[in-house]
Every structure is written in structure tokens, then in C-alpha cells.
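Here is a note to read beside the model, written as a set of numbered points. Please keep the structure open and find each residue as it comes up.

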Number of protein chains: 2
Amino acid sequence: MKYGIAIFPSKKLQDVANSYRKRYDPHYALIPPHLTLREGFEATEEEIQKLTPVLHKISDESKPFSLHVYKVGSFNPVNNVIYLKVKENEVLDDLHRQLNPIEALSERDYNFVPHITIAQNLSDDEHSDVYGSMKMKEVNHEELIDRFQLLYQLENGMWTVFETFHLGKVR
Amino acid sequence: MKYGIAIFPSKKLQDVANSYRKRYDPHYALIPPHLTLREGFEATEEEIQKLTPVLHKISDESKPFSLHVYKVGSFNPVNNVIYLKVKENEVLDDLHRQLNPIEALSERDYNFVPHITIAQNLSDDEHSDVYGSMKMKEVNHEELIDRFQLLYQLENGMWTVFETFHLGKVR
């Protein structure tokens, strides 16, 4: 089964992201707007049972942080993903490092760019048009994040939340 | 903001439900297959902050139960919803009673029919056709349910999970 770890921002920010995703993101109907902490990975239910307490330990020992979205960015020329750029943040960086296996981090030379995707799978021309107009938009939004979610993917590509992890021990 | 409370069954059962929902349920892309414990209700974020510990108390004092899906049913003539019928179950019944305000329970004369919707908004003719063939299908699946989810609805109608509640105190 394919699992992933993500943060869902507030409804307000999700609604803003969706206003773009609706037109420009083919994953619009598969998952609400999110910040990926760990990309899809294969695991058995038994492996997830063992992983869950580890994730709780990581979240317990972390703390809520301020998510600051401050501009529209693009991964072009690597790929044509356009996103809301999230200001780098020590808590977020630690979470990403702790939630990913060390091999994954070293493979990618550890360059974590926290972001909320608003457009993807665009042709080069589309990307150039859409990004050209989007990057002029003023984006400045800050909010408190106090949880992340472990999800799994259904056969149709949609994601279901399996469990919530609170940042900082709350119970 | 609109909130709701639901159980997501296993990936296996969700995949089966989706094979029907894809054709017959306009909510297919809004939320994964689920069993509704509490219908959408309006609440402020402050109200949800107060509700959360109450929900944790309810889930802590509950326990995991076996969800048994045993046939295809329909709410016709009340409405044209076709669903996977879930065997009545004391834990599920208690959860439903505890998670709904007493007014809601008495209004509806307390007739909780636990189900997983697989078709809705069908015309009478469509309903008759689809239900006619679906009700012949052999359905018999049992699985352990150990959690429910609190969700909220985005402006586009999609639902985002806000928090997971485990049945029985696990941490």
C-alpha cells in the first residue's frame, strides 16, 4: 500500500490554493491542498503499525509552528510545478528530516523546499503563461500548524487520512 | 465552517465502494467512501476546540468493533441512495448516539441505519435499474474498525480530515 505524510493548512489557505488547482492541477480531486512532508512510499500494514509510534514520538517532541506562505514559485526547469512557497522554518525542516529515511535525504542531496502545489503537469507554454501571471500575485499569509497526517492511496488515486499526529504532546 | 464525523473503512472496502461510486455517486471526488456517524453541522473553530476533548472522551471510552457489510440496500422511496448495508452493532449504535446532539436523535425518531453510500442523486428510473442489478450482488465482508475522523468541508465541497479519534485508549 502506498502511504504519504502531509500537512493540511487551514480551510482558508486550502480554499485559496483550490481556486488555482481547480484549473491547473490534475490532482485537484485526489487530495485537498497540502504540504508534503514525505512523498508516497510503499509499506505493509504491519510496517505502518510499527511506524505509527515512531511518528507519534517525532510529533510529540516537535512543536506547533508558524507556516508563512509568502510568494508563488516554480520548480521549472526541473518540472513545471507551480506552488505557494513556504518560508523555511526550523521545525518544518526538522520534521522533514525526521520523517524521511536517511537514504532519501542523501539521494536528493537534502534540498527540502516546503511548498503547496497549485499547478502541475503543464506544458512548457502553459507553464510559462500561468506562472507569468501567477508570480505577480501578492501572497502573504501566516498561520499556526499544529498537526500532520499519515495518508494512504486508494486504487483510484485518491488519498484517505489514516491518522493525525499533533505537534507537541497534547494528550 | 461545516464539520462532519465519519469512519473510513479499509482500503480494500473503499476500493470496492469506489468501483460503484465512480459511476453512480456525484460525491465520488469529494470524499473517500465512508460511514457517516454525524451529518454535516455548522461550528466555529472555537466550538470545535471545545468539542475535541469531548470526542476524545467518547472514543477513549469506546472500543474497536467488527464492521460487517452484508448486503446492498436502498433508502428508496425516502431517497434514491443505494448503499452497502452495515450490520447493526452496539458499539456503532452507542457511538452514533453519543456523537449526535440529543435534538437530532429525537427529531429523526432515532433510526440509525449504518451504511456506506455507493450511489445517490439517481433518477427513479436509474435507481430502479441500478438497484435491481446491485441488490443481487453477494456482499459479505468483515473488518476491524478502530478509529473515526472529524472532517471539515472546503468551499469546493471536498472534505479534509481534521483529527483522528481512536476507539479505546491507545496512548
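## Notes on the interface and beyond

1. Across the interface of chain B and chain A, 21 residue pairs are found in polar contact, with both residues of each pair at pLDDT 80 or more. On the side of chain B that touches chain A, at least two residues each are supplied by helix H1 (11-24), helix H2 (45-60), strand E7 (147-153) and E8 of chain B. The largest share of that side, seven residues, comes from E8(B). Sorted by class, the residues of the side of chain B that touches chain A are 14 nonpolar, 10 polar and eight charged. Please bear in mind throughout that this is a predicted model.

2. The extent of the contact can be stated in two ways, by residues and by area. Chain B gives 32 residues to the contact, and chain A gives 32 residues as well. The area buried between chain B and chain A comes to about 2,500 Å², and carbon and sulfur atoms give 50% of this area.

3. Charged side chains also meet across the interface of chain B and chain A, where four salt bridges are found. A pair to look for is Glu163(A) and Arg147(B), which form a salt bridge whose closest N and O atoms are 3.1 Å apart. Over all chains, the search of the whole structure finds 16 salt bridges.

4. Within chain A, the side chains of Lys11(A) and Asp15(A) are joined by a salt bridge, with a distance of 2.8 Å from N to O. How far apart along helix H1 are these two residues? Lys11(A) and Asp15(A) are four residues apart in helix H1 (residues 11-24) of chain A, and therefore they are separated by about one helical turn.

5. Gln153(A) deserves a careful look, and this residue is found in strand E7 (residues 147-153) of chain A. A polar atom of the side chain of Gln153(A) lies 2.9 Å from the backbone oxygen of Gly157(A). If residues up to four places away in sequence are not counted, Gln153(A) touches Lys2(A), Met158(A) and Trp159(A), and also Lys11(B) from the other chain.

6. How many cavities of 30 Å³ or more does a search of the whole structure find? The search finds one, and about 110 Å³ of space lies in the largest cavity. Of the 16 residues that line the largest cavity, those closest to its centre are Pro32(A), Trp159(A), Thr160(A), Pro32(B) and Trp159(B). Strand E8 (159-166) of chain A and strand E8 (159-166) of chain B each supply at least two residues of this lining. By class, the lining of the largest cavity holds 14 nonpolar and two polar residues, with no charged residues.

7. In chain A, the peptide bond from Asn76(A) to Pro77(A) is cis, with omega near 10°, and Pro77(A) has its place in the loop between strand E3 (65-74) and strand E4 (82-86) of chain A. In chain B, a cis peptide bond joins Asn76(B) and Pro77(B), with omega about 10°, and Pro77(B) is in the loop between strand E3 (65-74) and strand E4 (82-86) of chain B.

8. A further backbone detail concerns Asn121(A), which has a positive phi of about 60° although it is not a glycine. Asn121(A) is placed in the loop between strand E5 (115-119) and helix H5 (124-134) of chain A.

Definitions and conventions. Residues are numbered from 1 along each chain as its sequence is written. Chains are lettered from A and ligands numbered from 1 in the order in which they are written. This is a predicted model: local features need pLDDT of at least 70, side-chain atom pairs count only at pLDDT 80 or more; totals for chains, interfaces and linings use all residues. Side-chain values use heavy atoms; hydrogens and water are left out. On a 1 Å grid over the protein atoms alone, a cavity is a set of points where a 1.4 Å probe fits but cannot get out, and a pocket is an open set with protein on both sides within 12 Å along at least five of seven lines; lining residues have an atom within 4 Å of a point. Grid points are joined across faces, edges and corners, and a volume is the space filled by probe spheres set on the points. Ala, Val, Leu, Ile, Met, Phe, Trp, Tyr, Cys and Pro count as nonpolar, Asp, Glu, Lys and Arg as charged, and the others, Gly among them, as polar. Contact means heavy atoms within 4.5 Å. Buried area is the accessible area (1.4 Å probe) that two parts lose on being put together, summed over both. A polar contact is a pair of N or O atoms within 3.5 Å; within protein, one must be able to donate a hydrogen and the other to accept it, and residues adjacent in sequence count only if both atoms are side-chain atoms.
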